[in-house]
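Good morning, colleagues. I would like to take you through one structure, beginning with a strand pairing and ending with the ligand site.

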Amino acid sequence: MNRSAGMSSDPGFVKPVIVRAGDISYEALIGAGLLQRVGHETARVLRGPRCAVIADANTAGLYGEPVMHSLKEAGFAPTLVSVPPGEGAKTLEQLGRVCDAMSEARLDRTSFVVALGGGVIGDLAGFAAAVFHRGVPHVQVPTTLLAQVDSSIGGKTAVNTAAGKNLLGAVHQPALVVSDVDVLRTLPPRELRQGFAEIIKHAVIADPALLDVVATPAAIDFAAVVRRNVEIKAAVVARDDRDLLGQRAVLNFGHTIGHGIERAGDYRRFLHGEAISLGILGACEVSVRRAGFTEAERRKVFDAISGCGLPTRLPADVSSDAITAALAADKKFERGEIRFVVTPRLGAAHLTDAVTMDDLSAAIAKLR
Ligand SMILES: NC(=O)c1ccc[n+]([C@@H]2O[C@H](COP(=O)([O-])OP(=O)(O)OC[C@H]3O[C@@H](n4cnc5c(N)ncnc54)[C@H](O)[C@@H]3O)[C@@H](O)[C@H]2O)c1
Ligand SMILES: [Zn+2]
């Protein structure tokens, strides 16, 4: 079907966000009721016929059936491959299991992968697609708010190793992203909440109006909010798709201190978005000290985070020393240089090397 003309004749038409990465581009479709259209939409860009739907036990149970049905209806031959839920599935062992299951189902280099789940499944299934038969296409069907506004866009895929998070991976852009906002209804409230942290990050670095939107979480139009966030991430990815120019670094706003907090909590205590909320507040404080960010702006971000029910204070038993020790182990602290993302004003961000360890310690102390 030609979408550039006569689009209004298709009642299910959703205007895609176009994501450009290097010399390729793909559509991100965002809206309600899209799970039922995964097959039809995929058929516009991929042929198959064989494919693997990779899900975790939760997303397979909730949404495996409609997605499998939709793919079959569009003429594909899908196999459902399920892994245990949670970060623990992002391992080489699970990657091997998934690839073995794909071989067993006689997938080959003409086949493709559908990632049906949150960021864990997006990263694992995307990496499986990147390496299976030296690379097959994949479709991202993100089912958490975090995955819809962030991880499904941009092509970063990975698994964890004993040495650290996301240490093995590939940049492998999806052929299509299908975000059905209806699936957010079944997300546990804590999982929904943590997605707001990345939205607030996007607000600070690119679009302060989003802070007003998240101020009334109960009234949120998720299709509009996810779309705006995908546009923001896509604009950054378009400038630096392989993360080589330092442009994509702005997406790490709040993530330096945030990762330190995640690590200090042994990756169990805080969900990613919870640690990032504290990291965003820390980065705002550093920005007040080093980049001309105003106290009133910092307060606005604080109110947004607290209004979403996300943490604004570090628990007393998470020691500042544990956080600073974790910072020193961060990839961004190579050769003792601190490359830190600051915001000079709401809606803008850049990398700087003007930040010192003392600035970070002071910002962490202010989270008490
Ligand atoms: N590739 C990237 O650019 C990028 C960016 C940010 C984060 N990540 C990665 O994302 C991962 C975190 O993703 P996440 O927070 O989505 O976690 P997740 O994938 O583990 O999902 C969280 C929980 O929600 C459940 N779930 C998912 N969708 C559901 C739904 N619609 N209804 C009910 N339950 C549902 C899952 O089974 C899981 O138990 C991390 O591994 C992180 O490294 C990647
Ligand atoms: Zn993040």
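Within β2, Ala-28 is the bridge partner of Val-17. This is a predicted model, in which local features need pLDDT of at least 70, side-chain atom pairs count only at pLDDT 80 or more, and totals for chains, interfaces and linings use all residues. Residues are numbered from 1 along each chain as written, chains are lettered from A and ligands numbered from 1 in written order, and side-chain values use heavy atoms, without hydrogens and water.

Strand β1 (residues 17-21) runs antiparallel to β2, with five bridges; strands are DSSP runs of E, at least two residues, numbered from the N terminus, and two strands pair if DSSP finds at least two bridges between them. Two residues separate β1 and β2 in a hairpin, and Gly-22 in the turn has a positive phi of about 60 degrees. With strand β9 (residues 176-180), β2 pairs in the parallel sense, again over five bridges. There, Glu-27 stands opposite Leu-176.

Let us turn to ligand 1. Which residues are the closest to ligand 1? They are Asp-56, Glu-87, Thr-143, Thr-144 and Thr-186, among 27 residues that surround the ligand, each with a heavy atom within 4 Å. Oxygen atoms of ligand 1 make polar contacts (N or O pairs within 3.5 Å): a polar side-chain atom of Glu-87 lies at 2.6 Å, a side-chain N or O atom of Thr-144 at 2.7 Å, and a polar backbone atom of Gly-119 at 2.8 Å.

Methods
A polar contact is a pair of N or O atoms within 3.5 Å; within protein, one must be able to donate a hydrogen and the other to accept it, and residues adjacent in sequence count only if both atoms are side-chain atoms. Helices (H or I, at least four residues) and strands (E, at least two) are DSSP runs, numbered from the N terminus.
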